[in-house]
Amino acid sequence: LEPTNPDIIASAATLARDLGRLDEASALYEYAVARDPVNSSGHHNLGTVYLWSGRLAEAIVSYQTALALSPGRISSQYGIGSALLVAGDAEAALEAFALEEGDEEYRVKGMALAFHDLGRMPEFESAFRELRDTWGERWPSEVGHVYAWVGDPDAAFEWLDRGVLQNEDGLGSQYLRPLLVPLHDDPRWARFRERTGPSDEQ
């Protein structure tokens, strides 16, 4: 009924993203941003779908635009750090994560990930402990992300299962997160996708 309404287009983009239709989601978010170019949330959301699609350089640009429009915007700096981490630049990722102002959990989580990839293990253990102790009960999947990334699939699935049991917000899009890619070849991955809704069959 309103095919050019950027809010409706953005909602359709989010649905397409969570269904794993990332090319379609990118096109819809790009359209929404073109219609409303000073909306920082639009650029942030476009950055996220680029990140999940592996379009890392484009993700960074979109997150940077979101921050330029809304300095200190929650989790955009974390998004930049995540793209840099996935690209293999842990040093730059650490610098980006440290600048996250809007979400302390993401700042701590991101720094833990970067410390690990840099081999700074005492700092990794300290930051990871803070993540588990402070936010693990409320957001167990965030802890699962770190365990997956650092190569502990048993602990990763244990924490992801906690998220399923408490119906943690955002479970339906967990399977798209780059930090969980190391779990994709594990036989438990298919079961996790079934339990959270977006398996290929479903």
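Two residues are in contact when heavy atoms of theirs lie within 4.5 Å. By that rule, serine 82 touches Leu51 and Phe97, once residues up to four places away in sequence are set aside. The model described here is predicted. The protein has eleven helices and zero strands, and 49% of its 202 residues are buried.

**Overall form**

- From the N terminus on, the order of elements is α-α-α-α-α-α-α-α-α-α-α.
- A compact globule of 202 residues would have a radius of gyration near 17 Å, and the protein agrees with this because its own value is 17 Å.
- Taken along the principal axes, the box filled by the C-alpha atoms is roughly 50 × 40 × 25 Å.
- Among contacts with a separation of 6 or more, 51% are between residues 24 or more positions apart.

**Surface and charge**

- The protein exposes about 9,800 Å², and carbon and sulfur atoms supply 50% of this area.
- Its side chains include 17 positive and 34 negative ones.
- The centres of the positive set and the negative set lie 3 Å apart.

**The largest nonpolar core**

- The largest nonpolar core of the protein has 58 residues.
- The residues with the most contacts inside this core are Leu51, Ile80, Phe128, Leu131, Tyr147, Leu183 and Trp189.
- Helix 7, residues 104–117, gives the most to the core, with seven residues.
- Tyrosine 147, one of the residues with the most contacts inside the core, is in contact with Phe128, Arg132, Asp152, Ala155, Ala156 and Trp159, leaving aside neighbours within four places in sequence.

- Histidine 44 is in helix 3, which covers residues 40–53.
- Histidine 44 has a relative accessible area of 9% and is buried.
- Not counting residues up to four places away in sequence, histidine 44 touches Tyr63, Ala66, Arg73, Ile74, Ser75 and Ser76.
- Histidine 44 and arginine 17 are 27 residues apart along the chain, and their C-alpha atoms are separated by 14 Å.
- Serine 75, one of the residues touched by histidine 44, is found in the loop between helix 4 (56–69) and helix 5.
- The phi angle of serine 75 is near 70 degrees, a positive value in a residue other than glycine.
- Serine 75 is buried, because its relative accessible area is 13% and the cut-off for buried is under 20%.
- Serine 82 has its place in helix 5, residues 76–86.
- With a relative accessible area of 11%, serine 82 is buried.

**Phenylalanine 115 in helix 7**

- Phenylalanine 115 is located in helix 7.
- The relative accessibility of phenylalanine 115 is 9%, so this residue counts as buried.
- Phenylalanine 115 is in contact with Leu94, Arg120, Glu123, Phe124 and Ala127, leaving aside neighbours within four places in sequence.
- Phenylalanine 115 and glutamate 91 are 24 residues apart in sequence, and their C-alpha atoms are 8.6 Å apart in space.

**The loop between helix 10 and helix 11**

- Asparagine 167 is found in the loop between helix 10 (153–165) and helix 11 (188–196).
- Asparagine 167 is exposed, with a relative accessible area of 64%.
- Phi of asparagine 167 is near 55 degrees, which is a positive value in a residue other than glycine.
- Tyrosine 175 is also in the loop between helix 10 and helix 11.
- Tyrosine 175 is buried, with a relative accessible area of 9%.
- Not counting residues up to four places away in sequence, tyrosine 175 touches Asp18, Leu19, Gly20, His184, Trp189, Arg193 and Pro198.
- From C-alpha to C-alpha, tyrosine 175 and glycine 197 are 9.7 Å apart in space, and they are 22 residues apart in sequence.

Conventions
Residues are numbered from 1 along each chain as its sequence is written. This is a predicted model: local features need pLDDT of at least 70, side-chain atom pairs count only at pLDDT 80 or more; totals for chains, interfaces and linings use all residues. Side-chain values use heavy atoms; hydrogens and water are left out. Helices (H or I, at least four residues) and strands (E, at least two) are DSSP runs, numbered from the N terminus. The radius of gyration is taken over C-alpha atoms; the globule rule is 2.2 Å times the number of residues to the power 0.38. Buried means under 20% relative accessible area, exposed over 50%, partly exposed in between (1.4 Å probe, protein chains only). Accessible areas come from the Shrake-Rupley method with a 1.4 Å probe; for residues, only the protein chains shown count as cover. Lys and Arg count as positive and Asp and Glu as negative; His and the chain ends are not counted. The place of a charge is taken as NZ of Lys, CZ of Arg, CG of Asp or CD of Glu. A nonpolar core is a set of buried Ala, Val, Leu, Ile, Met, Phe, Trp, Tyr and Cys residues joined through side-chain atoms within 4.5 Å.
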